[in-house]
Structure formats: structure tokens, C-alpha cells
Amino acid sequence: MARVIAIANQKGGVGKTTSAINLASSLAVLEFKTLLVDADPQANSTTGLGFDLRNVQQSLYDCMVNDVQARDVILESDTPNLKVLPSHIDLVGAELELINHPSRERVMKQVVDAVKDDYDFVIVDCSPSLGLITVNALVASNAVIIPVQCEFFALEGLGKLLNTIKIVQSRLNTDLEIEGILMTMYDGRLRLSNQVVDEVKQHFEESVFNTIIHRNTKLGEAPSFGKSVIMYDAASTGAINYLNLAKEILQKHNYTKIKSKDKILK
């Protein structure tokens with residue numbers, strides 16, 4: 001059964017979609033069957049992997065609102081072992097359409113549960129909000145990764161997100177864990193980046209991933225070619241960073257055959 005990991009932060013521009021695409025692709029390249037669920041109405045994870053929205057007939061919206069089976073919607077990507085449950089701008093209206101649904105916070109969980117036995121990992125790219133769709137993603141997940149950019153307003157809004165996670169943990173999904181806080185857009189030349197990393201580690205200690213995602217032009221270029229960074233330039237810093245993140249998660253959950261003494265994580 002798949003481990004379902006949501007990538008969430010209601011703050012925009014922190015690297016959610018970049019992390020969702022590239023973590024999912026890295027896990028797939030490491031031969032783990034992976035499904036990327038695009039739960040953001042902007043559909044950037046869908047287009048970032050090369051799908052033209054004009055050719056996407058059905059999406060996560062249809063699964064959640066019209067009871068279409070996820071298996072009939074999931075698309076095969078160019079990356080081996082990686083499939084995509086695409087999004088569409090219609091998803092923005094789902095919050096209103098589900099308002100009278102008796103289990104409106106659990107609709108996405110039903111969609112994901114129906115297919116998760118087919119995969120090792122399901123990665124959910126959340127929208128930059130704490131609305132009903134994001135709550136659905138947190139209820140459907142085993143864990144959440146919180147990307148935090150290495151910039152001045154890094155911790156802004158983090159308290160509100162953590163509060164939402166606590167509410168979901170207490171009322172809707174008691175098994176939800178924080179997989180880790182992922183520092184993104186790190187620039188080693190800037191004192192500010194190092195100060196932000198130190199501050200976040202001071203606040204959240206063991207919850208912060210050892211892997212840090214560096215600023216890298218290849219990460220920005222890859223989506224314009226409809227590719228993950230590992231398929232665009234496997235030798236780039238961005239590709240290596242996300243492969244290391246995937247390995248860190250795999251080691252944490254004993255998916256690797258590495259001996260305990262040799263692990264990055266002890």
C-alpha cells in the first residue's frame with residue numbers, strides 16, 4: 001500500500017509544485033511506482049510534466065464531484081514508473097460544489113484509497129490555500145511535507161498551517177504525520193539563507209530534512225520543456241538535491257537495503 005505524502009504550504013512561491021514534480025519523479029526513477037496527484041486548480045504539476053490541458057478530458061475534479069473512477073483519469077507520464085492524476089481549473093469550484101456533501105473533507109481520500117494499492121508512493125501537490133481541497137489532501141495523506149523558502153518571510157503563515165495540521169490530526173486524520181520541513185531556494189552565497197536555515201532548525205529541530213534544495217536555474221527551466229529536472233538535466237544541482245530528498249525519505253521508512261550504520265539518518 002502506498003505512502004501518501006501531501007506537499008502543503010498556503011504561502012505561494014515556496015516551491016510546492018517544483019517539489020511535488022521532482023520528488024515524485026525522483027522516487028519513480030529510483031524504481032518506486034509513484035502517482036502524482038495534482039490538487040491545485042492552477043494545474044502546474046500537470047503542465048509541468050508536459051500535459052496540454054486542452055487534451056485533458058477528465059481530472060481530479062471529475063473524480064471528486066462527478067464520481068468518475070480515478071483509474072479512468074490517471075495519465076501515463078514520460079518518466080518510467082510515474083503516473084499523474086491531472087488537475088483542471090474547474091477544481092476551484094469543487095469547494096462550493098462539495099459544501100453540502102456529508103463527508104466533504106474525505107472525498108479525496110476515497111479517490112486516493114481506490115488506487116493507492118497500485119503504487120509505492122502517492123505525492124499530492126496542494127494549492128496555496130488552507131481551503132477544503134487542501135484539507136481533503138491532508139485527510140487523504142499519511143504525512144505532509146512543508147516546503148519553506150530560505151527568505152525573509154520564511155516563517156510567515158507557518159503557524160497557521162501547523163494549526164490546521166493539528167486540527168486535521170485531532171478531528172479528521174489521527175495518523176497524519178509531519179514528514180518534514182523542506183528548506184527550498186537556498187543560496188549559499190547569501191548570509192540571509194544561512195540565517196533562515198539556522199532559525200528554522202532552531203524552531204523545528206529534527207523535523208527539518210537534512211536535504212536542502214538549492215536555487216538552480218535548471219529547476220526553473222525544466223517545466224517549460226514539460227519535464228522534471230531529473231529528465232531535463234540529471235547532473236544538475238536541482239536533480240541531485242531532489243534525488244537526495246527521495247533517498248532520505250526512503251531511508252527513513254526502511255525502503256532501502258542500506259545497513260542502519262551506513263544511513264544518512266540514524
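Helices here are DSSP runs of H or I with at least four residues, numbered from the N terminus. The model is predicted.

**Helix α1 against helix α11**
- The crossing of α1 past α11 is right-handed.
- On the α1 side, the contact uses Thr-18, Ser-19, Asn-22, Leu-23, Ser-26 and Leu-27.
- On the α11 side, the contact uses Tyr-242, Leu-243, Leu-245, Ala-246, Ile-249 and Leu-250.
- The contact of α1 with α11 has eight nonpolar and four polar residues, with no charged residues.

**The cavity**
- The structure has one cavity of 30 Å³ or more.
- The largest cavity holds about 40 Å³ of space.
- Its lining includes Thr-17, Thr-18, Ile-21 and Asn-22.
- Leu-219, Ala-222, Pro-223, Lys-227, Ser-228 and Val-229 also line the largest cavity.
- By class, the lining of the largest cavity has five nonpolar residues, four polar and one charged.
- Thr-18 and Asn-22 belong to this lining, and both are also in the contact of α1 with α11.

**Helix α6 against helix α7**
- Helix α6 spans residues 132-140, and helix α7 spans residues 158-171.
- Their axes come within 10 Å and cross at roughly 55°.
- Helix α6 passes α7 in a right-handed crossing.
- From α6, the residues in contact are Val-135, Leu-138 and Val-139.
- They meet Thr-164, Ile-165 and Val-168 of α7.
- This contact of α6 with α7 has five nonpolar residues, one polar and no charged.

Key. Residues are numbered from 1 along each chain as its sequence is written. This is a predicted model: local features need pLDDT of at least 70, side-chain atom pairs count only at pLDDT 80 or more; totals for chains, interfaces and linings use all residues. Side-chain values use heavy atoms; hydrogens and water are left out. A crossing is left-handed if the near helix is turned anticlockwise from the far one by less than a right angle, and right-handed if clockwise. Helices (H or I, at least four residues) and strands (E, at least two) are DSSP runs, numbered from the N terminus. Contact means heavy atoms within 4.5 Å. Ala, Val, Leu, Ile, Met, Phe, Trp, Tyr, Cys and Pro count as nonpolar, Asp, Glu, Lys and Arg as charged, and the others, Gly among them, as polar. On a 1 Å grid over the protein atoms alone, a cavity is a set of points where a 1.4 Å probe fits but cannot get out, and a pocket is an open set with protein on both sides within 12 Å along at least five of seven lines; lining residues have an atom within 4 Å of a point. Grid points are joined across faces, edges and corners, and a volume is the space filled by probe spheres set on the points. Axes are lines fitted to C-alpha atoms, for helices over the stretch in contact, and angles run from 0 to 180 degrees between N-to-C directions.
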